[in-house]
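These are my notebook entries on one protein model. I record below what I looked up, entry by entry.

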Amino acid sequence: MEERCGHCHTKYKIEPSFFYGAMYVSYPVGLFFASVALFFCFFVLNMSLLTTFLIIVIEMILVLPIVLRLSRNIWINFFMHYGQHLKTKQRV
């Protein structure tokens, strides 16, 4: 990820362990991707359970960068409110 936001220049690395919380967010995000693959492969395409499992493992490896970035963005949005930051910046 970038060191700072390209729009508001907020520093992404707030403190050394800030994004440890993103690990807790990445679990349901990863479950979402795995559930979509399970539904599509097993129920729609009627693949075997072993084939579906292997596809889910491969998919999770391929979407790992997406899951990591998405979970970090979700986690930082719990604490940073960009709309308020832009309003105060425009007044000054």
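**Entry 1: F18.** I worked from a predicted model. I first looked up F18 and set aside its neighbours within four places in sequence; F18 is then in contact with W75, I76 and F79.

**Entry 2: the core.** I next looked up the largest nonpolar core, which has nine residues. F18 belongs to this core, and so do F19, A22, V25, V29, V63, V67, W75 and I76. Two elements, helix 1 (21-44) and helix 3 (64-79), each give two or more residues to this core.

**Entry 3: helix 1.** I checked the length of helix 1. At 1.5 Å a residue, its 24 residues should span 34 Å, and the end C-alpha atoms lie 35 Å apart, which agrees. I then listed the buried residues of helix 1: G21, A22, V25, S26, V29, G30, A34, A37 and C41. Helix 2 (49-62) and helix 3 are included in what covers these residues.

**Entry 4: S71.** Is S71 buried or exposed? I found that S71, which lies in helix 3, has a relative accessible area of 2%. Buried means under 20%, so S71 is buried. Leaving aside neighbours within four places in sequence, I noted that S71 is in contact with A22, V25 and S26.

**Entry 5: the surface and the end of helix 1.** I looked up a nonpolar surface patch of about 580 Å². L38, F39, F40, F43, V44 and L45 make this patch, and F43 has its place in helix 1. Just after helix 1, I noted that N46 takes a positive phi of about 55 degrees.

Key. Residues numbered from 1 in each chain as written. Predicted model: local features only at pLDDT ≥ 70, side-chain atom pairs only at ≥ 80, totals over all residues. Heavy atoms only, no water. Core = buried A, V, L, I, M, F, W, Y, C linked by side-chain atoms within 4.5 Å. Buried < 20%, exposed > 50% of the residue type's maximum accessible area, 1.4 Å probe, protein only. Helix = DSSP H or I, 4+ residues; strand = E, 2+ residues; numbered from the N terminus. Contact = heavy atoms within 4.5 Å. Expected span 1.5 Å × (residues − 1). Patch = residues over 30% accessible without salt bridge, like charges linked within 9 Å, V, L, I, M, F, W, Y side chains within 5 Å. Areas by Shrake-Rupley, 256 points an atom, 1.4 Å probe, with all protein chains shown as cover. Salt bridge = Lys/Arg side-chain N within 4 Å of Asp/Glu carboxyl O.
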